Amino acid sequence: MIGILGGTFDPVHFGHLRPALDVRQALALDEIRLLPCHVPPHRPQPLASTQQRTLMLQAAIAGVDGFVIDEREFERDGLSYTFDTLQSLRKDLPGKTLCLLVGMDAFRGLPTWHRWHELLNHCHIVVMTRPQAKFPEKGELAEYIHMHRARDAAMLRTQSTGLLWFQEVTQLEISATRLRALLAAGEQADFLLPADVLDLIHIQGLYGT
Ligand code: ATP
């Protein structure tokens, strides 16, 4: 099984990396693929270029086992839809079970994603949650959870697509938005992201540094 974590990674921080590692360990995933988004459909274009975001990801995972970067979204023009990415991954990784990792905030927005009802035709979705997280109780997302939630993690290996799993992960209240604001204000961002990524940000003069 392979974990897929898409994001703008503008910049990558420990709030992406540690929860992804928690999921890798909890579900014994072969690897975590980090997929930087080229043209995000639901938000403004990232401040750092695609090349700069990839460089930061490379610095973040250097020497860490089980993490790889997948740049396939950079090869497609137009909006980077997760649905298209999953189709492409399935073609390249036949026989592999894909687990799409999303934070709870991203999961709540799922009904706005392109062809969201079809995502589970290509993967399982693993939501990185807090202990005792509150799930939507009404509406289409509540119904979606009711229909697809796996009873236990072992089910993710007995069928290759179609399940939803909620995995508790380390809670890190870090967001790229806050990091960019700290950096732009000239404050220290140490200990919120890997030191090598912070060095790169300063070398490249990113985010107003
Ligand atoms: P921004 O603040 O610019 O919106 P972000 O920090 O939320 O960025 P993204 O690259 O947009 O980072 O997030 C990619 C994925 O990582 C999403 O699924 C998001 O929910 C998840 N994620 C981001 N930060 C955390 C965090 N601190 N804990 C758990 N998941 C997170």
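Student: In what order do the elements of the chain run from the N terminus on?
Tutor: This is a predicted model. From the N terminus, the order is β-α-β-α-β-α-β-α-β-α-α-β-α-α. That comes to eight helices and six strands.

Student: And what is the radius of gyration of the chain?
Tutor: It is 17 Å, close to the 17 Å from the globule rule for 209 residues, so the chain is as compact as a globular protein of that length. The C-alpha atoms fill a box of roughly 45 × 35 × 30 Å along the principal axes.

Student: What share of the residues count as buried?
Tutor: Of the 209 residues, 51% do. The chain exposes about 10500 Å², and carbon and sulfur atoms supply 50% of that area.

Student: OK, the sheet. What is the strand order?
Tutor: The sheet is open, with six strands in the order β3-β2-β1-β4-β5-β6 and parallel pairing. On average, neighbouring strands are turned by 30 degrees against each other, direction ignored.

Student: How many bridges link β5 and β6?
Tutor: Five, in the parallel sense.

Student: Which strands does α3 lie across?
Tutor: Helix α3 (residues 82-92) lies across β1 (2-7), β2 and β4, and runs at about 155 degrees to β4.

Student: Now the inside. Which residues have the most contacts in the largest nonpolar core?
Tutor: L34, M56 and L101, in a core of 41 residues. Elements giving two or more residues to this core include α1 (14-26), β2 (31-36), α2 (50-61) and β4 (98-103). α2 gives the most, with five residues.

Student: What is M56 in contact with, beyond its neighbours within four places in sequence?
Tutor: Among them are F9, P11, V12, A48, V197, L200 and Y207. There is also a second, separate core of 25 residues, which includes L86, V102, L141 and F166.

Student: What does W116 touch, not counting residues up to four places away in sequence?
Tutor: L110, P111, E140, L141 and Y144. As for Y81, 35 residues from W116 along the chain, the two C-alpha atoms are separated by 10.0 Å.

Note on methods
Residues are numbered from 1 along each chain as its sequence is written. This is a predicted model: local features need pLDDT of at least 70, side-chain atom pairs count only at pLDDT 80 or more; totals for chains, interfaces and linings use all residues. Side-chain values use heavy atoms; hydrogens and water are left out. A nonpolar core is a set of buried Ala, Val, Leu, Ile, Met, Phe, Trp, Tyr and Cys residues joined through side-chain atoms within 4.5 Å. Buried means under 20% relative accessible area, exposed over 50%, partly exposed in between (1.4 Å probe, protein chains only). Helices (H or I, at least four residues) and strands (E, at least two) are DSSP runs, numbered from the N terminus. Contact means heavy atoms within 4.5 Å. Two strands pair if DSSP finds at least two bridges between them. Axes are lines fitted to C-alpha atoms, for helices over the stretch in contact, and angles run from 0 to 180 degrees between N-to-C directions. The radius of gyration is taken over C-alpha atoms; the globule rule is 2.2 Å times the number of residues to the power 0.38. Accessible areas come from the Shrake-Rupley method with a 1.4 Å probe; for residues, only the protein chains shown count as cover.
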